[in-house]
Amino acid sequence: MHEEIRAAFDSVHAEPELKAAARAAVARRTRRQRSPARPVRLALATAACAAVVLGGGWLYLTPTAHISIDVNPSLELGINRFDRVISVQGWNDDGTALAETLDVKNLTYTQAVETILQSETITALVEQDAVVEIGVIGDDDTRCAQMLAGVESCAEAHQNTHCYQAGTQEVEEAHECGLSYGKYRAYRELAVLDPAVTPEEIQGMTMREIRDRIAALSGGEATAESAAEPADSAPAQDCGNTPQGQQQKGPGHHGAGHHEE
């Protein structure tokens, strides 16, 4: 079609300027006739961009690991595949109160852990000989080991602080009991020595109190180093109901949490 139009113009005996002007006019009209396709292409491009943005947002907001921090404030940080904090959840009243004072979302997990350890609340508790336990929890062992190394680096300068690594299966059990994973882990250790202990009791205890009780029953001494060592654990109590038949409460509403004495 274009060649036919060009040939037709070439056969016309007219000044070159006139021919050029006419060709330009035809070209403009041809472009206008094709213009309806442009909105379609624009819409497709916009949709493609939106898919990329939404897909990236989904990846960013999906946790792939968690960090449990327990003193008596009990916190869990959700960590995405980019090593950024995307959620901060308190697992008792003190934890909820602490979470409300923190601004760690979108920080790297090491920045977040360091910020929490340096917070006024945690610093004051550690000065009173509180025990701090930090767990890296996930199913990718290689990645969790790398994260654990980063967390341990943050903890080196802080006394009575130790770190550990765990899988996700027991985290679900912990949450069914209304406990953060760190407290649930300690509960399982204590239950070996005192089968009568319940998750409800553990909810109101500090990590120092739990570790001292474990030490007293085992004849040992409660230290950050001994707490880091794996211990035999008792079968978990059915946490769907407390011994009184009452359902455990959700995160941030577990009785009156209290600080280290």
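Reader: Which residue lies over the face of Tyr164, and at what distance from the ring centre?

Author: In this predicted model, the residue over the face of Tyr164 is Arg185, at 4.0 Å from the ring centre. Tyr164 itself counts as buried, because its relative accessibility is 4% and buried means under 20%.

Reader: How should I read a pair of aromatic rings, and how many aromatic pairs does the structure hold?

Author: A pair of aromatic rings is described by the distance of the centres and the angle of the planes. The structure holds three aromatic pairs. One of them is formed by Tyr60 and Phe82, which are stacked, with 6.1 Å from centre to centre and 20° between the planes. Tyr60 belongs to helix α3 (residues 37–60), while Phe82 belongs to the loop between β2 (74–80) and β3 (85–90), so this pair ties together parts that are 22 residues apart in sequence. Tyr60 is partly exposed, at 26% relative accessibility, and Phe82 is also partly exposed, with a relative accessible area of 45%.

Reader: Where do the partners of the pair Tyr164 and Tyr181 lie, and are they buried or exposed?

Author: Tyr164 and Tyr181 form a tilted pair, with 5.9 Å from centre to centre and 45° between the planes. This pair links distant parts of the chain, since Tyr164 is in strand β5 (residues 161–166) and Tyr181 is in helix α9 (residues 181–193), 17 residues apart. Tyr164 is buried at 4% relative accessibility, and Tyr181 is buried with a relative accessible area of 5%.

Reader: How do I read the sheet to which β5 belongs, and what is the order of its strands?

Author: Strands of a sheet pair through backbone hydrogen bonds, either parallel or antiparallel. Here five strands form an open sheet with the order β3-β2-β1-β4-β5, and the pairing is mixed. The edge strands are β3 and β5, each of which pairs on one side only. On average, neighbouring strands of this sheet are turned by 20° against each other, direction ignored.

Reader: What does Ile137 touch, and is Ile137 buried or exposed?

Author: Ile137 lies in strand β4 (residues 132–137) and counts as buried, at 2% relative accessibility. Leaving aside residues up to four places away in sequence, Ile137 touches several residues, among them Ala65, His66, Cys144, Val171 and Tyr181, and Tyr181 is the partner of Tyr164 in the tilted aromatic pair. Ile137 and Ile67 are 70 residues apart in sequence, whereas in space they are 6.0 Å apart, C-alpha to C-alpha.

Technical notes:
Residues numbered from 1 in each chain as written. Predicted model: local features only at pLDDT ≥ 70, side-chain atom pairs only at ≥ 80, totals over all residues. Heavy atoms only, no water. Phe/Tyr/Trp six-rings, centres within 6.5 Å; stacked < 30°, edge-to-face > 60°. Helix = DSSP H or I, 4+ residues; strand = E, 2+ residues; numbered from the N terminus. Buried < 20%, exposed > 50% of the residue type's maximum accessible area, 1.4 Å probe, protein only. Lys NZ or Arg CZ within 6 Å of the ring centre and 35° of its normal. Contact = heavy atoms within 4.5 Å. Pairing = 2+ DSSP bridges. Axes fitted to C-alpha atoms, helices over the stretch in contact; angles between N-to-C directions.
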